Amino acid sequence: MSYVVDFMDVSTVGLESSPVAKALAGLRANEARYFANKYDHAFTTEPAADVPELVEYVARVLHERDIAIAATPLEATDFEVEGVRWTYVFYESGLSINVLYTLEPGGKRAVGFKLSDGMEVPDELAEKFRFVRQRSKLAGTIRGSYFVVKGEY
């Protein structure tokens, strides 16, 4: 069942099995606030089990850097705003991965990683990326990194 993320009243709906559920819910709400304020878009997620094609899409893009995420995907979403396809997967470990893919050739294309407050850097990312810190009223301290996508997806 779809869940429209409410950044005013942060909820752990769909994320309850995560050991950092509250922080992950804050991270998800932080993303929802960004899209609501910048694009007037309602950030809506689905259980990952209901949208395996989105989890597979993110896995294919990550394969470009020989990355395979070990954590269980909990929620995912995919939408287009202003010519950019955004795909998000939220994992039980507290990890959030988003693929930003401009639909016009030559546009921005990148994968972003965000770590929920209280989680360790996953082994599969630890030696490949440096993470910078960002403060958020909704999510506490978010650590993030990214890489530029080279292939066509």
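Colleague: Is aspartate 78 buried, exposed or partly exposed?

Modeller: Aspartate 78 is partly exposed, with a relative accessible area of 32%; buried means under 20%, exposed over 50% and partly exposed in between, with a 1.4 Å probe and protein chains only. This is a predicted model, in which local features need pLDDT of at least 70 and side-chain atom pairs count only at pLDDT 80 or more, while totals for chains, interfaces and linings use all residues. Residues are numbered from 1 along each chain as its sequence is written, and side-chain values use heavy atoms, without hydrogens or water.

Colleague: Which residue forms a salt bridge with aspartate 78?

Modeller: Side chains of opposite charge can pair when their charged atoms come close. A salt bridge here is a side-chain nitrogen of Lys or Arg within 4 Å of a carboxyl oxygen of Asp or Glu, and the count comes to five. Arginine 85 pairs with aspartate 78, the closest N and O atoms being 2.8 Å apart; arginine 85 is partly exposed, at 22%.

Colleague: Which residue pairs with glutamate 31?

Modeller: Lysine 114 does, with the closest N and O atoms 2.5 Å apart. The pair links distant parts of the chain, helix H1 and strand E6 (residues 109–115), 83 residues apart; helices (H or I, at least four residues) and strands (E, at least two) are DSSP runs numbered from the N terminus. Glutamate 31 is buried, at 4%.
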